[in-house]
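Trainee: Can we go through this one together? I'd like to start with the sheet and then move to the ligand.

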Amino acid sequence: MSGFFVSFEGIEGAGKSTVLKEVARELRKRGYQVIETFEPGDTPVGKALRQTLLAPEHSKMHYVTEVFLYFADRAEHVQKVILPALEAEKVVLTDRYSDSTFSYQGYGRGLGLEMLETLNQIATNGLMPDLTILLDLDVKEGLRRNKKLQKNDRFELETLEFHEKVRRGFLELAEKNPKRFRIIDASMPLNDVIQEALNHIVTALEENNG
Ligand code: TMP
């Protein structure tokens with residue numbers, strides 16, 4: 001398989017989707033074939049799962065139920081979107097992937113990382129990103145940015161403490177996987193964040209092709 005797989009990760013409001021879109025545009029200008037995708041919800045089955053997962057009226061969903069729905073979405077995403085694009089030698093940029101489960105359900109909800117890694121291995125058939133861009137941001141700032149967008153799903157309604165655990169989770173995962181992760185300070189001006197993400201990805205692509 002000769003495509004290249006990049007995930008964008010981070011807490012709410014870190015700017016992942018905006019940065020991903022701009023990076024995709026710049027990569028296309030440089031001649032790369034790029035697909036933009038996201039989790040949860042970028043397949044027909046995933047769309048239904050996303051609605052179930054994020055509906056505020058499901059605030060009492062059991063954590064184990066929740067994690068299986070994320071894994072179901074990921075299995076469908078890998079099989080129907082990511083693998084076909086990688087087989088067609090494309091650059092795949094995804095807004096969230098496995099590290100979101102490890103951070104939100106593992107660190108945030110307190111489910112065991114070992115169990116999550118085993119289930120994730122099944123859901124993804126072992127496919128992990130070649131590179132992960134972590135947009136790191138102060139939790140209060142992230143939630144403040146999201147409030148402006150009037151986002152109001154089940155996770156936006158979680159406590160500050162939950163989001164702090166998630167942020168720490170991402171940073172710990174990055175520390176454990178320094179080869180795969182690049183951490184970017186998402187409090188910088190947007191253009192600087194985009195440029196830094198682009199530089200990391202282009203460098204990794206060139207290393208991969210060379
Ligand atoms: P988003 O589209 O705003 O990123 O919303 C997705 C929400 O789902 C976000 O709050 C993070 C959460 N999430 C998890 O808790 N676990 C996961 O595995 C994924 C992919 C997302």
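Trainee: In what order do the five strands of the open sheet come?
Mentor: The order is β2-β3-β1-β4-β5, with parallel pairing. Strands are DSSP runs of E with at least two residues, helices are runs of H or I with at least four, and both are numbered from the N terminus. Two strands pair if DSSP finds at least two bridges between them. This is a predicted model, where local features need pLDDT of at least 70, side-chain atom pairs count only at pLDDT 80 or more, and totals for chains, interfaces and linings use all residues. Residues are numbered from 1 along each chain as its sequence is written, and side-chain values use heavy atoms, without hydrogens and water.

Trainee: Which strands stand at the edges?
Mentor: β2 (34-38) and β5 (181-185) do; each has a single partner strand, so one side of each lacks a neighbour in the sheet.

Trainee: How many bridges join β2 to β3?
Mentor: Five, and β3 covers residues 91-95. F38 has D95 as its bridge partner there.

Trainee: How far is T101's polar side-chain atom from an oxygen atom of the ligand?
Mentor: 2.6 Å. For E12, a polar side-chain atom lies 2.8 Å from a ligand oxygen atom.

Conventions. A polar contact is a pair of N or O atoms within 3.5 Å; within protein, one must be able to donate a hydrogen and the other to accept it, and residues adjacent in sequence count only if both atoms are side-chain atoms.
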